[in-house]
Amino acid sequence: MTGQTAPAQPGAQISVDVPAKINPHLGVGDARADGYHALSTVYQAISLHDTVTAERRGEPGIEITISGEGAATLPTGEANLAHKAAKLIALYAGIEPDVKLHLTKRIPVAGGLAGGSADAAGALIACARLWEVEIGDAELERLAAGLGSDVPFCLKGGTAIGSGRGEELTPVAAKGTWHWVVATTDTQISTPECYKEVDRLREDGIGRYSSDVGPLVKAFEAGASADDLARLLINDMEAAAVSLRPQLASLMHGGLEEGALAAHVSGSGPTVLFLATDVKHAVALARRIRMRGGAKSVHLAHGPVNGPAA
Ligand code: C5P
């Protein structure tokens, strides 16, 4: 594993920062035999991040505490993906898990920003370091893919093409930094629910598979302006997310009226991303979107940023 720190001394803490992801291109194909949908996506890690801290608890078991926005809504037991990640690393190493994990949440919860997957990626790395587990990058990625389709990308960060069900990654050398306003909403959309709505709309002849990531990848590699990027953003789940939560449409229109270059649903939603020209524009845009109301919280973010195992 790259980026490995010194083994943990007794009482030592390992801290790992893991960024949120966005999908500037999210092409959704048909459902496969295993129930997952074929994806053709471009991931980008952005500057909102969670911190996963691991320390030995001195007796067997996995204990999770969580702080930050939305912490009270998250499970601390086996249903937490970070718990599953810790268990998986222990199983891989053939050891009894012995860890206290603390998740500091800054990535909006259940927002289509892969917060849960980021915590799982952070737990994999933090536990591997804490327990001094010898594990190669490929094996770590395999374990990550078993936890969720977005988890391998959360390990890597930066910009990458995702294929398969999203877990097969090809890095993209993006030249530049792009600025976003991230607006969360009061509603929730479960990922499977949104995929089902995509299928339902397709049966009605609405929407098609945007499988070609080429133009967006070229734009990132060429360091395209935000104006050019705005024209290339695609999300095949957007119509489904708006169909499930129609209030997203007014949030998106509001941001565009306030001068955003583009409004883009993040993953399966319900968070909406607004593209800004530069950091100054993003600050002004965030203020205007906040004043307008309709969003639960409004954050500034830029990308790409590196992941914890980059
Ligand atoms: O991979 P992950 O556990 O994050 O996926 C959550 C759910 O989202 C899956 O159980 C599936 O219903 C849906 N999904 C999908 N196609 C994908 C990724 C996720 O249908 N490529």
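Proline 270 lies in the loop between β9 (262-265) and β10.

Before I continue, some remarks on the model. It is a predicted model, in which local features need pLDDT of at least 70 and side-chain atom pairs count only at pLDDT 80 or more, while totals for chains, interfaces and linings use all residues. Residues are numbered from 1 along each chain as its sequence is written, and side-chain values use heavy atoms, with hydrogens and water left out.

I turn now to the annotated positions. Which residues does UniProt list for "active site"? The unreviewed entry lists Lys21 and Asp150; such annotations may be inferred rather than shown by experiment, feature names are shortened, and positions are given in the numbering used here. The two are spread over 130 residues of sequence, yet they cluster in space, with a largest C-alpha distance of 8.5 Å.

Lysine 21 is found in strand β1 (residues 14-31). Lysine 21 is buried, at a relative accessible area of 5%; buried means under 20%, exposed over 50%, and partly exposed in between, with a 1.4 Å probe and protein chains only. Leaving aside neighbours within four places in sequence, lysine 21 is in contact with residues including Tyr43, Gln44, Ala114 and Asp150, where contact means heavy atoms within 4.5 Å. The side chains of lysine 21 and asparagine 23 are joined by a polar contact of 2.6 Å. A polar contact is a pair of N or O atoms within 3.5 Å; within protein, one must be able to donate a hydrogen and the other to accept it, and residues adjacent in sequence count only if both atoms are side-chain atoms.

Aspartate 150 has its place in the loop between α3 (137-147) and α4 (151-156). Its side chain makes a polar contact of 3.2 Å with the side chain of tyrosine 43. Glutamine 44, in strand β2 (residues 37-55), is buried, with a relative accessible area of 0%. The side chain of glutamine 44 makes a polar contact with that of threonine 159, at 2.8 Å.

Next, the backbone. Most residues other than glycine have a negative phi, and most peptide bonds are trans. Alanine 114, in the loop between β4 (98-105) and α2 (115-130), has a positive phi near 65°. Is alanine 114 buried or exposed? At 10% relative accessibility, alanine 114 counts as buried. Glutamate 132, in the loop between α2 and α3, likewise has a positive phi, near 55°. Glutamate 132 is partly exposed, with a relative accessible area of 46%.

In helix α1 (residues 81-93), isoleucine 89 is buried, at 0% relative accessible area. Among the residues in contact with isoleucine 89, beyond its neighbours within four places in sequence, are Leu124, Trp131 and Leu143. In α10, the buried residues include His281, Leu285 and Ile289. The buried residues of α10 pack against β7 (178-184), α9 (247-257), β10 (272-276) and β11 (297-303). Just after α10, glycine 293 takes a positive phi of about 80°.

Definitions and conventions: Helix = DSSP H or I, 4+ residues; strand = E, 2+ residues; numbered from the N terminus.
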